[in-house]
Amino acid sequence: MSRDIATEVADDGVATLTLSRPERRNALSIKLRNEITEQLDGWATDPAVRAVVLTGAGSTFCAGFDLDEFAQADLAPSIKDSSHRYHLAVWNFPKPLLAAINGAAVAGGLDLCVLCDFRIASGDATFGHPEIKFGAPPLFTPLQWIVGVGAARELCLTGRRIDVNEAMRIGLVNRVTEPARLLDDALAMARTITDAPQAALECTKRYLISSPSATFEQAFAVEHDAVFDEFLRGPVGPRTTP
């Protein structure tokens, strides 16, 4: 069976994980989430991997969850389970994880890049939480840790899309580069990280993860698990006001 991710590990220990469903704008299906989880779990203990760059194939970083699956009620348990494991695998990955954002990162795609340690974006990248318009509350807590409560509330409640300049202004992205240079610049940035001893990097990453971990776990149970329990009771689709 073909994989929905592409991976490469360079001799210097910088690995690349590419979401590879460009025909679906790299939408996060159950299969894709499971593959990301399994790959990161494997790399977590692989001494050949020192840092990871995560990006998308084609012109989109990630368009969020695959909504076709939400229309199938029998998939609800698999959707929730795969999503739970995937989010925690990204958040708890013990090595530096850099998002190279090519094009749109929206809904679950915005969550994915937010859960990485930092973000470098191409000049045509866009960001947003449009799922609020379809009745799905966004994941708020990790976003507000990065951009602050005010900006996070606005993005989550309005669902509006922002361009890379605004993303840079509010601190959502750390650096902007030309689309043609995105991956090269992201890899170069990852290599500057791996100049440090691996033990120091992993110790620092443990601190970064653990310092707000209790708050994250409590918030995640409400913002993710409880939302899925409620949201999966009905089909995904535009809501109308009588």
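The model is a predicted one, so local features are given only where pLDDT is at least 70, side-chain atom pairs count only at pLDDT 80 or more, and totals for chains, interfaces and linings use all residues. Residues are numbered from 1 along each chain as its sequence is written, and side-chain values use heavy atoms, with hydrogens and water left out.

Helices (H or I, at least four residues) and strands (E, at least two) are DSSP runs, numbered from the N terminus. Five of the five residues of S6 (residues 118-122) are buried, so the strand is largely enclosed by the rest of the structure. Here buried stands for under 20% relative accessible area and exposed for over 50%, with partly exposed in between (1.4 Å probe, protein chains only). In a regular strand, side chains alternate between the two faces of the sheet. Both faces of S6 are covered, with Phe118, Ile120 and Ser122 on one side and Arg119 and Ala121 on the other. Strand S4 (residues 97-101) pairs with S6 in the parallel sense over four bridges, where pairing takes at least two DSSP bridges between two strands. Within that pairing, alanine 121 of S6 is the bridge partner of isoleucine 101. S6 also runs parallel to strand S9 (residues 175-177), joined by three bridges, and serine 122 has threonine 177 in S9 as its bridge partner.

Between S5 and S7 the pairing is parallel, over three bridges, and alanine 104 stands opposite threonine 126 in S7.

Glutamate 131 sits in the loop between strand S7 (126-128) and helix H5 (141-147). Glutamate 131 is buried yet has no salt bridge, and the nearest side chain of opposite charge, arginine 161, is 9.1 Å away. For the charges, Lys and Arg count as positive and Asp and Glu as negative, while His and the chain ends are not counted; a salt bridge needs a side-chain nitrogen of Lys or Arg within 4 Å of a carboxyl oxygen of Asp or Glu. What the glutamate 131 side chain does have is a polar contact with the side chain of histidine 129, at 2.8 Å. A polar contact is a pair of N or O atoms within 3.5 Å; within protein, one must be able to donate a hydrogen and the other to accept it, and residues adjacent in sequence count only if both atoms are side-chain atoms. Leaving aside neighbours within four places in sequence, glutamate 131 is in contact (heavy atoms within 4.5 Å) with Ala107, Ala136 and Pro138.

Alanine 107 lies in the loop between strand S5 (104-106) and helix H4 (108-115), and is buried at a relative accessible area of 11%. Asparagine 26, also not a glycine, has a positive phi of about 55°. Asparagine 26 belongs to the loop between strand S2 (14-19) and helix H1 (30-44), and counts as buried at 0% relative accessibility.

Helix H6 (residues 149-158) has Ala151, Ala152, Leu155 and Cys156 as its buried residues. Seen down the axis of H6, these fall within an arc of 125°, so they line one face of the helix; the arc is taken from the directions from the helix axis to the C-beta atoms. Their cover includes H5 and strand S8 (162-163). The face of H6 turned away from the buried side carries the exposed residues Gly150, Arg153 and Leu157.
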